[in-house]
Amino acid sequence: MLVLALTVSALAGPWVLRRAAPALVRAPRTSAALLTGSVVSWVITALALGPLLAWITSGPVLLPGSAADVCQRCLAAANPFPTATIDTGIPAAVLLALSALGAAGLAIMVGAEAHRQRRATTRTAHRLRVWAEPRQVLGHSVLVIDDARPFALTLPRRHGGIFISKGTLRALTRDELAAVLAHEHAHLYQRHHLITTTVASICRPLRWLPMMVAVEDALGHYLEIAADDAARRRVGTPALASALLTLGEHAHHAGHEAPLDGALHALGPDRIRHLVQPHTGPAGLLAALTTTSYLATLVLLATTVYLPYLGAALSGCA
């Protein structure tokens, strides 16, 4: 049952997210948390399969006598199910070892991907800083790049924070500029770079699963809308929409051919429809509730497996 639930979610996740989008877009920060939680919960629950099967199946004993006795005692202390098991011919030690190896392997891949992203972001910062000078603009500390084309982006604060071009300063009105700066500041204040790095580090080693691809692709969209909402509350919708239109006309920013890894951009007219005509009504609500319920179910299942093992370990398998 658990294997079926994980498989269905991994395959049907993209379809559910598309159906839920009209509802999720109304609460982008909550939606970003939901997407992040879905990825983490899916992985943790998948890794719980081995410990779960070790309770309900039995097989040959591989460990020497005393070690086998300790292992069996700990399994019995943690097992919330009746004592009857199904003989599969697979030792419990193998099931537990596979889960441990899977967790270790995934941790190594996630760490390697996070390190790769940090290095890529550092390279982006070094490339942009060559052209930049620090300034105070409308109360924000920014790095202004000597480029005639309008663009704005944000890197993590330790890598410079907000970058805007001289073309942006010339092309936007004061209100439009305030809207763009509020948008970029929201990326920093709401720690969007940390969220995207965390989710991408988990999803990319698992991109063979359709759900992971869909979550990573959707997350950036909801974070941009969250930053839009913060800017709209501070400056107003007309100024933000106008600024996005202007920046969208010059999407190839800064004349850099290499991708600006780690940057979040205040670009493009594609979000203006949401600004001026947000979704209303029940569209997407059922899919969003389904996603939320599924996440809660995964958390409950994982907790049901891990807590007994933790309790048994703390009690010395008594």
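How many residues does the largest nonpolar core have, and which of them have the most contacts inside it? This model is predicted, and its largest nonpolar core has 43 residues. Those with the most contacts inside this core are L24, L35, W42, V43, M212 and V215.

Two or more residues come from each of α1 (2-24), α2 (28-47), α3 (49-56), α4 (65-78), α5 (92-129), α8 (192-203), α9 (210-235) and α12 (285-314).

Let's zoom in on M212. Leaving aside neighbours within four places in sequence, M212 is in contact with V39, W42, V43, C203 and L206. There is also a second, separate core, and L172, V180, L181 and L188 are among its 13 residues.

Now look at how α1 and α9 meet. Their axes are 7 Å apart, and the two helices pack at an angle of about 20°. Angles under 35 degrees count as roughly parallel, so α1 is roughly parallel to α9. The crossing in which α1 passes α9 is left-handed.

| Helix | Residues in the contact |
|---|---|
| α1 | S9, A10, L11, G13, P14, L17, A21 and L24 |
| α9 | P210, M211, A214, V215 and Y222 |

What classes of residue does the contact of α1 with α9 have? By class, there are 11 nonpolar and 2 polar residues, and no charged ones.

Notes. Residues are numbered from 1 along each chain as its sequence is written. This is a predicted model: local features need pLDDT of at least 70, side-chain atom pairs count only at pLDDT 80 or more; totals for chains, interfaces and linings use all residues. Side-chain values use heavy atoms; hydrogens and water are left out. A nonpolar core is a set of buried Ala, Val, Leu, Ile, Met, Phe, Trp, Tyr and Cys residues joined through side-chain atoms within 4.5 Å. Buried means under 20% relative accessible area, exposed over 50%, partly exposed in between (1.4 Å probe, protein chains only). Helices (H or I, at least four residues) and strands (E, at least two) are DSSP runs, numbered from the N terminus. Contact means heavy atoms within 4.5 Å. Axes are lines fitted to C-alpha atoms, for helices over the stretch in contact, and angles run from 0 to 180 degrees between N-to-C directions. Angles under 35 degrees count as roughly parallel, over 145 as roughly antiparallel, 65 to 115 as roughly perpendicular and the rest as oblique. A crossing is left-handed if the near helix is turned anticlockwise from the far one by less than a right angle, and right-handed if clockwise. Ala, Val, Leu, Ile, Met, Phe, Trp, Tyr, Cys and Pro count as nonpolar, Asp, Glu, Lys and Arg as charged, and the others, Gly among them, as polar.
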